[in-house]
Amino acid sequence: MSYNYVINIDHISKSYRTYKNEWQRFARWFGADSNILDEKKILKNITFRVMPGESIGIIGQNGAGKSTLLKLITGTSKPTEGKITINGRISAILELGMGFNPDLTGRQNVYHSASLMGFSKEEIDRVIDDIEAFAEVGEYFDQPIRVYSSGMQVRVAFAVATAWRPEVLIIDEALSVGDSYFQHKSFNRIREFQNDGSTLLIVSHDRGAIQALCNRAILIEKGNIIKDGNPEEIFDFYNALIAEKENSIEITKLSNGATQTKSGTGEATVDDITLVNHTGNITDIVKVGENVELRIQVSIHKDIENLVLGIGIKDRLGQVMYGTNTWHTKQIVNNVKAGEQYSFNISFQANLGVGSYSLQTALHDRDTHLNANYEWKDYALIFEVINSEKFFFVGSQWLDCSFNIDKINNN
């Protein structure tokens with residue numbers, strides 16, 4: 001029988017129940033009625049499908065139920081209600097150390113973990129040298145896990161989990177512990193698996209990682225799926241949600257097909273925003289390295305103690321190229337009164353790569369919008385960067401580099 005999905009999550013819920021005694025818990029396993037003293041619902045009626053080759057980011061605040069969901073998918077925990085169907089081999093890194101025995105060496109733990117994954121000793125023998133080389137922990141590979149740093153444990157765990165290409169690779173925040181070099185190395189391996197058709201499920205708070213690796217994102221809040229779609233759109237909504245102003249979230253479909261997320265309590269709003277080129281003309285097309293200025297007009301609707309403006313420039317994939325605010329530049333406007341208006345002019349060089357960019361704006365009272373979110377707006381402005389004067393380059397940023405070439409005389 002063939003399936004058009006690799007994972008089918010069908011109305012699953014997960015609860016942790018407290019019983020009067022262990023005998024009643026035991027009786028419940030066999031279907032007998034037992035008095036439940038307390039029941040804490042972690043996941044509530046979750047339903048979605050994962051198709052072959054999809055890369056899905058699971059995001060949400062701490063305690064939303066993300067890690068519990070992955071444990072249910074991998075079979076390390078069972079749902080209270082509903083059904084999960086898996087078609088394909090899953091390889092998972094759910095927790096630091098992946099169940100490693102601290103008294104066994106890294107090499108011994110590799111054999112133990114890989115055997116639990118269903119591989120024979122002969123199969124492990126064939127890849128053990130590759131696992132050791134990929135982990136790059138040196139002589140520690142033959143020392144007990146208890147002497148490993150957290151980063152070293154992640155290296156070995158990831159190396160064994162990805163020694164064979166899985167149909168589904170599941171990662172729960174583990175790579176955030178590793179060092180930058182190993183993160184790059186791990187992401188390269190994940191991309192290789194994706195190119196070969198593997199499916200990816202990853203839990204992470206790293207917007208850049210999700211948007212770079214995933215073509216779909218699922219937002220979980222208080223045990224419920226509240227949004228499922230394009231990663232950039234989901235993260236924009238998530239930013240509004242974590243400000244705890246979800247009742248004021250406004251979603252608009254723009255003419256270019258993008259989804260604009262706007263949130264806030266409305267004490268201050270951006271009324272107008274323009275981009276001006278080096279000649280002083282309003283434009284939506286700028287040249288690489290050109291001196292430009294953002295002109296932002298803000299209206300005040302209620303008295304507020306502090307006013308901070310933040311900006312962020314994102315590329316077409318939603319990656320933030322640059323962002324800051326007037327809290328960090330020490331230009332906070334104090335004792336702001338209703339009816340006042342302010343003009344913010346931000347000058348910078350457009351040292352960006354060729355492509356389309358969008359601007360997000362944020363009005364709040366401190367270093368972030370999490371305390372008081374007056375207004376957060378994505379796609380406040382869209383502009384293009386073209387290269388008409390610089391030498392050809394690739395990438396997201398322009399570096400005014402120079403090459404100095406000398407011939408070495410070996411005589």
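Residues are numbered from 1 along each chain as its sequence is written, and side-chain values use heavy atoms, with hydrogens and water left out. Because the model is predicted, local features need pLDDT of at least 70 and side-chain atom pairs count only at pLDDT 80 or more, while totals for chains, interfaces and linings use all residues.

Helix α8 covers residues 231-242 (helices are DSSP runs of H or I, at least four residues, and strands are runs of E, at least two, numbered from the N terminus).

Helices α3 (residues 106-116) and α4 (residues 121-135) pack at about 135°, with axes 10 Å apart (axes are lines fitted to C-alpha atoms over the stretch in contact, and angles run from 0 to 180 degrees between N-to-C directions). The contact (heavy atoms within 4.5 Å) involves residues including V110 and Y111 of α3 and I124 and I128 of α4.

Turning to strand β6 (residues 168-172), I171 is found here. I171 is buried, with a relative accessible area of 1%. Leaving aside neighbours within four places in sequence, the contacts of I171 include L70, I93, F158 and L200. I171 and L200 are 29 residues apart in sequence, yet 8.1 Å apart in space, C-alpha to C-alpha.

Key: Expected span 1.5 Å × (residues − 1). Buried < 20%, exposed > 50% of the residue type's maximum accessible area, 1.4 Å probe, protein only.
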